[in-house]
Amino acid sequence: MAYRPSKKFKKTLLGSGAVVVLAALNAPAAVSFAEEKYHAYKIAQPGYKKQFGSWAEVDVPAEYRINAIHAALLHTGKVLLIAGSGNDQKNFDAGTFETILWDPAKNTFKKIPTPVDFFCSGHTQLPDGRLLVAGGTARYEVLEGGVEKAGGGMRVKNESPDKAVTLKKGTVFRSPSGVEYVSKFDVTVPKAKREFEISYFKSGQMKPWKTKVTAAEARVFVEARKAGPQALTTEAAQYEVVGLKGEEADNVYGLAQKLTTEKQDFQGIKGAYEFDPRAEKYIPVAPMKDARWYPTLVTLQDGKVLAVSGLNDVGDVVPGDNEIYDPRTKKWTKGPFRYFPTYPSLFLTKGGKLLYTGSNAGYGPAEKGREPGLWDLKKNSFTKLGGLTDPDQLETSASLMLPPAQNQKVMVLGGGGVGESPKSTARTSIVDLSADSPVFTDGPALPQGTRYLSSVLLPDDTVFTSGGSEQYRGRSGSDILKAQFYDPKSNAFTEAAEPTVGRNYHSEALLLPDGRVATFGSDPLFDDKDNTKLGTFEQRIEVFTPPYLHRAGTDRPALGEGPQELDQNGRVTFRTADAGRIVKARLMRPSAVTHTTDVEQRSVELGLTKGQDGKSVTVDVPQDRTLVPPGWYMLFVTDANGIPSEAKWIQVG
């Protein structure tokens, strides 16, 4: 729909002789000023908003502005924004870790004490509404040329079957040639494993018992006490633990293969916490076996959580040792072994298999773990899925399960090459998992190659996508100030109002209970097109109001009183004066998003029955927990014009 300025507006805009003269002299500043004024006028018109939506910046008091690395919607309606150290070495060194709780309904903010550095952790929604947060940062990277002292991973062995041993941070390991290395963290090595062997004489008589001891092992990062070439080594050797005496000195020792001054990557932590939305605080639970930085956490059909990938405590990608968290025992156990690059996008599908779309957020070799496929956890088998265009450009791509979840269609959008590759793709691809032999097929292209795209499910069964950048971390001013809607039914994009805040690396977007979309973060390398000015983290919050809310005004369908739990048949009934206009209902799982990775959100189609008195509606929730994982959900109902209600919260057990 075209919009023309009124005569009064034209007089205001062009009435100044100076402006006309400057424009005639081809003065770019004057032309740009005029264009900006007209654009501001256009997007403020009610007709424009009803077609394209609108954006508004949230007023965030200075003391609550943080580097939002993670965002999660809680069942209280509040949004947890986690920075940890916020990709800021100074904050890390000072032990300054931040979390803010934002109430979008009241626009109030609260600082939450943050016990460890959750920067680049993983998170997922638990069945009781708590948010599990696991992993984070133990050490910041040191780039090539900045490493002054040789360092690397030390494998600490314990041959004693009688007791575990704990070596404190600062423990010294001495090489055979006398070079000393210092541990940067505490490390506990379990007891060695003792096994009894029974053998027999030919006569059948039992021989005396034999004992076999298998040494236990743990890793720790070490750094040379002194700089210099004498500390560099790529040869395997055994290292003495300085300070140990007698039997303990014989039983406990270090093994290292490679101690160099090459680039040292970020290192993860083992810590895990549950955030309690009611108490509004972090509660510690058992730590993971492996440290993880950039892990993905995904809730399974039984309410347990699978933790996958991440950089470990020496900065290597976890080789495939995955873990399962049980929210009832608050403990971790061993999961099925499979390698993935960091922050892999894994979606629980009907039947219980996990779909790996190939989307990830970096770290890991280009030739390993990048192909999409279906992972059967019970059999630990992986079936690759073909058909994907630009398969070498899945890093920093977005993935989501298209609405409704019953259709079992998953979409991949955009992405780029591995690492700091200049490649980016406009490709979208869709896989229909209900097909006999599912393969990816191309969907409509994005306006341009896009990394870090945010994609959010809306209650009207469309997908809202916005932001991103064409180049790695927005280099050369390549942030994309565009947004669009994807309609799964028509398989097409349509234009949406343009955001005013650029979003690239470390940005997030999520659906709010009132039907709006909130966007956070962005961590550009540079703040200018010439790449000369170092980037600053984007701390503004911008909220998108979709067209359906502008069309509705104050006239939205509304749900009244009703329970927050399902009955024994999986149903729940709400009183409403709008029963006659309600045509469909959706159960929408709240987001927990970071690094373009949101494996939580899904939209489930519900059965809908209207009361005989015309004053109530009953919704019927599918009982298949591979389709509807346990947890808290937002219930939206919509009318024939796609106008949604505000959400009611329902717990699915």
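**Figure 1. Salt bridge between R130 and D128.** In this predicted model, R130 is paired with D128 through a salt bridge, and 3.7 Å separates the closest N and O atoms. D128 is partly exposed, its relative accessible area being 39%. In general, side chains of opposite charge can pair when their charged atoms come close.

**Figure 2. Salt bridge between E323 and R292.** The closest N and O atoms of E323 and R292 are 3.0 Å apart, and the two residues form a salt bridge. E323 belongs to strand β24 (residues 323–326), whereas R292 is located in the loop between β21 (281–285) and β22 (296–299); the pair therefore ties together parts that are 31 residues apart in sequence. Both E323 and R292 are buried.

**Figure 3. Salt bridge between D326 and R328.** The side chains of D326 and R328 meet in a salt bridge with an N to O distance of 3.3 Å. D326 has a relative accessibility of 12% and therefore counts as buried, since buried means under 20% relative accessible area. R328, by contrast, is exposed, with a relative accessible area of 67%.

**Figure 4. A network of salt bridges.** Across the whole structure, a search finds 38 salt bridges.

Terms used. Residues numbered from 1 in each chain as written. Predicted model: local features only at pLDDT ≥ 70, side-chain atom pairs only at ≥ 80, totals over all residues. Heavy atoms only, no water. Salt bridge = Lys/Arg side-chain N within 4 Å of Asp/Glu carboxyl O. Buried < 20%, exposed > 50% of the residue type's maximum accessible area, 1.4 Å probe, protein only. Helix = DSSP H or I, 4+ residues; strand = E, 2+ residues; numbered from the N terminus.
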